[in-house]
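These are my notebook entries on a structure that I opened for the first time. I record what I looked up, entry by entry.

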Amino acid sequence: MASTPEKKVKDKCVKLIQSYPQTYYFYPVMTGFGRSGIPDIICCIQGQFLAIECKAGDNKPTALQDRELQKINEAGGVSLVINETNLTMLDEILKGLTHGTKP
């Protein structure tokens, strides 16, 4: 089965996350009991909460996804929208979080 463009972005994000020490991550599974709009990857990096919404190409988050990302930021976490062109931003955020610097 071929990977979708978004799956390729998710795989690159996870590979980058795994390259940093003391990181925990998972993909939330949406079931009938979950909440819609939750980001694709949830991480904890040395006590810091990071949520990543992965998009391919020019795709943008839905209004529901934007709302969840905003709520995460308001709660003191870090949320990002990552695609093929801004993976370096994720790397910089991970570097900062592993060194105790919050963006």
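Is Ile52 buried or exposed? I found a relative accessibility of 0%, so Ile52 counts as buried (buried means under 20% relative accessible area, exposed over 50%, and partly exposed in between, with a 1.4 Å probe and protein chains only).

**Entry 1: the model.** I noted that this is a predicted model, in which local features need pLDDT of at least 70, side-chain atom pairs count only at pLDDT 80 or more, and totals for chains, interfaces and linings use all residues. Residues are numbered from 1 along each chain as its sequence is written, and side-chain values use heavy atoms, with hydrogens and water left out.

**Entry 2: Ile52.** I located Ile52 in strand S3; helices (H or I, at least four residues) and strands (E, at least two) are DSSP runs, numbered from the N terminus. I then listed the contacts of Ile52, leaving out residues up to four places away in sequence; contact means heavy atoms within 4.5 Å. Ile52 touches Cys13, Ile17, Pro39, Asp40, Ile41, Cys43, Leu80, Ile82 and Leu90. I also took one distance: Ser3 is 49 residues from Ile52 along the chain, and their C-alpha atoms are separated by 19 Å.

**Entry 3: helix H3.** I checked the length of H3, which covers residues 87-98. The expected span of a helix is 1.5 Å times one less than its number of residues. I recorded Leu87, Leu90, Ile93, Leu94, Gly96, Leu97 and Thr98 as buried in H3. These buried residues pack against helix H1 (5-18), strand S2 (41-45), strand S3 (48-54) and strand S4 (78-82). After H3 comes Gly100, with a positive phi near 80 degrees.

**Entry 4: H1 against H3.** Two packed helices are described by the angle between their axes and the distance between the axes. How do the axes of H1 and H3 cross, and within what distance do they come? They come within 10 Å and cross at roughly 25 degrees; axes are lines fitted to C-alpha atoms, for helices over the stretch in contact, and angles run from 0 to 180 degrees between N-to-C directions.

**Entry 5: positive phi.** Most residues other than glycine have a negative phi. I found that Gln22, although not a glycine, has a positive phi of about 55 degrees. Gln22 lies in the loop between H1 and strand S1 (23-26), and its relative accessibility of 60% makes it exposed. For Gln46, also not a glycine, phi is positive and near 50 degrees. Gln46 belongs to the loop between S2 and S3 and is partly exposed, at a relative accessible area of 38%. Beyond four places in sequence, Gln46 touches Pro21, Gln22, Leu97 and Thr98.

**Entry 6: other buried residues.** Where does Ala56 lie? I placed Ala56 in the loop between S3 and H2, and I noted it as buried, with a relative accessible area of 10%. Ala56 touches Pro5, Glu6, Val9 and Glu84, residues up to four places away in sequence not being counted. Pro5 is 51 residues from Ala56 in sequence, yet 5.6 Å away in space, C-alpha to C-alpha.

Glu68 lies in helix H2 (residues 63-74) and counts as buried at 3% relative accessibility. Outside four places in sequence, I found Glu68 touching Arg35, Ser36, Gly37 and Ile38.

Ser79 is in strand S4 and, at 15% relative accessibility, counts as buried. Leaving aside neighbours within four places in sequence, I listed Ala51, Leu69, Ile72 and Asn73 as contacts of Ser79.
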